[in-house]
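Reader: Hey, I've got a protein open on my screen and I'm a bit lost. Can you walk me through it?
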Amino acid sequence: MITLTATNTATKIEAILYLKGKPLSVGEIAEYAACDRATAEEGIIELMDSYAHRDSALEVIETPDGYSLQLRPDFQDLVQTLIPVELGLGALRTLAAIALNSPILQSDLINLRGSGVYQHVPELVELGFVRKRRDNESRSYSLQVTPKFHQYFQIEQLPQPFEPDQKQQQLELNLETEV
């Protein structure tokens with residue numbers, strides 16, 4: 001059996017992380033690299049060190065789910081340009097309704113947008129634009145946009161909808177100016 005040097009192990013781990021495209025635990029990395037955990041850990045440290053000292057668009061980081069090869073945050077704007085998110089018109093309108101009324105109960109969103117919300121919300125959650133949490137006061141879910149939504153659509157702050165009193169005052173003001 002051929003024993004891998006740390007450098008060979010680091011190179012193999014780089015290939016594994018690239019090909020898997022998701023965070024992997026040390027155990028998974030060791031299994032794929034056909035080495036023990038200690039050798040895998042040494043290889044990961046060497047790989048992380050190597051990426052930290054080179055001028056690269058990629059980095060190896062430790063996440064709660066394991067180690068991952070990913071694009072550095074400085075290059076995230078390229079993702080938006082080169083890999084645009086494909087959202088259908090219905091999902092986009094649902095996202096807009098969530099954004100403008102955030103947080104909103106899913107039951108209220110269904111009343112506003114219709115039953116298509118049941119298909120749109122899981123898609124928006126999976127894309128990372130919407131956070132879905134069980135509401136303590138009702139049986140519905142509370143929905144709100146995430147920081148990814150603001151970053152992707154390059155929106156710092158959404159316009160605030162009129163409060164009922166403001167809307168009434170605006171209508172009265174419009175009527176006065178028309179008369």
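Predicted model: local features only at pLDDT ≥ 70, side-chain atom pairs only at ≥ 80, totals over all residues.

Reader: Okay! How many helices and strands are there?
Author: The protein has nine helices and five strands. Starting at the N terminus, the order is α-α-α-β-β-α-α-β-α-α-β-β-α-α.

Reader: And what share of the residues is buried?
Author: Of the 179 residues, 28% are buried.

Reader: Switching topic: how many salt bridges does the structure hold?
Author: One. Glu59 pairs with Arg72, and their closest N and O atoms are 3.6 Å apart.

Reader: Where do those two sit in the chain?
Author: Glu59 is in strand β1 (residues 58–63), while Arg72 is in the loop between β2 (66–71) and α4 (76–82). They're 13 residues apart, and the pair links distant parts of the chain.

Reader: Are Glu59 and Arg72 buried or exposed?
Author: Both Glu59 and Arg72 are buried.

Reader: Then which charged ends sit over a ring?
Author: Arg54 has its charged end over the ring of Tyr51, 4.0 Å from the ring's centre. Lys148 has its charged end over the ring of Phe129, 5.3 Å from the centre.

Methods: Residues numbered from 1 in each chain as written. Heavy atoms only, no water. Helix = DSSP H or I, 4+ residues; strand = E, 2+ residues; numbered from the N terminus. Buried < 20%, exposed > 50% of the residue type's maximum accessible area, 1.4 Å probe, protein only. Salt bridge = Lys/Arg side-chain N within 4 Å of Asp/Glu carboxyl O. Lys NZ or Arg CZ within 6 Å of the ring centre and 35° of its normal.
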